[in-house]
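Please open the model in the viewer and keep the selection panel at hand.

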Amino acid sequence: MPRVVVVGTGGTIAGSAPTAAQTTGYQAGALSVSQLLDAVPALGTVARIAGEQLASIDSKDMSLALWLQLSKRLDSLLASDEIDGAVITHGTDTLEETAYFLHLTLKSAKPVVLTAAMRPATALSADGPMNLLNAVSVAAAPVSHGRGVLVAFANRIHSARDVTKTSTFSIDAFDSPEAGPLGWVHDGRVEYGRRVEHRHTVATPFRLARSAAAPVTDAVLHDALEPLPMIGLVTSYAGASRVPVDAFVAAGAAGIIVAGTGSGSLHHDLQLALAEAVERGVIVVRASRVGSGHILRNGSAADDRLGFISAGTLSPYKARVLLMLALAAGMREFDVLQAAFDTF
Ligand code: SIN
């Protein structure tokens, strides 16, 4: 039988409310990973399970320190011959950011699957137990190898690169806009319909922990990745203000992601502030607030003239993750950074 480790970090999947009818105002992360595992005896028919509690938080409070801890712990668990795959139980609110961070930093081809729930564990028709069973089925399936970090939610399997939360209350709360899911998990059957084309996990230079297999060139990155640099996030809108850009520059941000309107267009006051930030050595990446689609280089702003990088198909939140890692890894040249956004 495959051996799967389930790492608990909290979230609604481990949430507890005073009544079964309550799906808001509950305490996220109240139950332990062992309680979640005990609630699903069918897990024992899919894999040999070990549980590990790494945190018990509401994922709105996810920190960079916890990301580093999670990534290193998973790399060490997955390096063992005793583990075939891992599942992470997480809150839905920042799940897509954690998933992409791991997608870029883990150094294993073994399946790593994040799952979550929209209803607390105490609710009528809680969705967590089935999501957990499905996530373990995905992690235990040999066909899941080499696909990067995955998200199993509401019977669909998404790539960490493309997935995003799209509903505040529906139990079908995740989607991969434009790309679509990678596959499906249904009554234990795991099936894939496509592969991830962007590079991930073992094929990125972002390495947090040394391993015997690490190429010598990657080992250099180990110390450079901590602490991760400050990256600001600002939005363009009618009557946009330059104040947040100036505040991030004054605070010493190494980069700023701007979620532009439409295909990444920027209010002229904001664009001017960002162009000035570039002149002061801050890296600026242009993404979109729309939620799906592609930011074409020079499509809505004069990227080459102003020194802006294009996020391509990455959301502003994931663009922030990539820029943080790229700068920490010593990537500074404009062309190298743009290539990173085109590649990962
Ligand atoms: C959280 O993100 O931890 C709370 C919300 C949720 O899991 O749905």
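Which pocket does the ligand take up? The space taken by the ligand is the second largest pocket. The model is a predicted one.

Select the ligand, then display the residues around it: Gly11, Thr12, Asp58, Ser59, Gly91, Thr92, Asp93 and Ala117. Colouring this shell by residue class gives one nonpolar, five polar and two charged residues.

Begin with threonine 92, where a polar side-chain atom lies 2.5 Å from a ligand oxygen. Move on to aspartate 93: here a polar atom of the backbone is 3.0 Å from an oxygen atom of the ligand. At alanine 117, a backbone N or O atom lies 3.3 Å from an oxygen atom of the ligand. As for surface area, the ligand taken alone exposes 250 Å², and the protein buries 94% of that.

Now leave the ligand and turn to the aromatic side chains. How many aromatic pairs does a search of the whole structure find? The search finds three. Select one of them, tryptophan 67 with phenylalanine 101: the ring centres are 4.8 Å apart and the planes meet at 25°, under the 30 degree limit, so this pair is stacked.

Tryptophan 67 belongs to helix 2 (residues 64-78) and phenylalanine 101 to helix 3 (residues 95-105), so the pair ties together parts 34 residues apart in sequence.

Technical notes:
Residues are numbered from 1 along each chain as its sequence is written. This is a predicted model: local features need pLDDT of at least 70, side-chain atom pairs count only at pLDDT 80 or more; totals for chains, interfaces and linings use all residues. Side-chain values use heavy atoms; hydrogens and water are left out. A residue is near a molecule or strand if one of its heavy atoms lies within 4 Å of it. A polar contact is a pair of N or O atoms within 3.5 Å; within protein, one must be able to donate a hydrogen and the other to accept it, and residues adjacent in sequence count only if both atoms are side-chain atoms. Accessible areas come from the Shrake-Rupley method with a 1.4 Å probe; for residues, only the protein chains shown count as cover. On a 1 Å grid over the protein atoms alone, a cavity is a set of points where a 1.4 Å probe fits but cannot get out, and a pocket is an open set with protein on both sides within 12 Å along at least five of seven lines; lining residues have an atom within 4 Å of a point. A molecule sits in a cavity or pocket if more than half of its atoms lie within 2 Å of its grid points. Ala, Val, Leu, Ile, Met, Phe, Trp, Tyr, Cys and Pro count as nonpolar, Asp, Glu, Lys and Arg as charged, and the others, Gly among them, as polar. Rings of Phe, Tyr and Trp (its six-membered ring) pair if their centres lie within 6.5 Å; planes under 30 degrees apart count as stacked, over 60 as edge-to-face and the rest as tilted. Helices (H or I, at least four residues) and strands (E, at least two) are DSSP runs, numbered from the N terminus.
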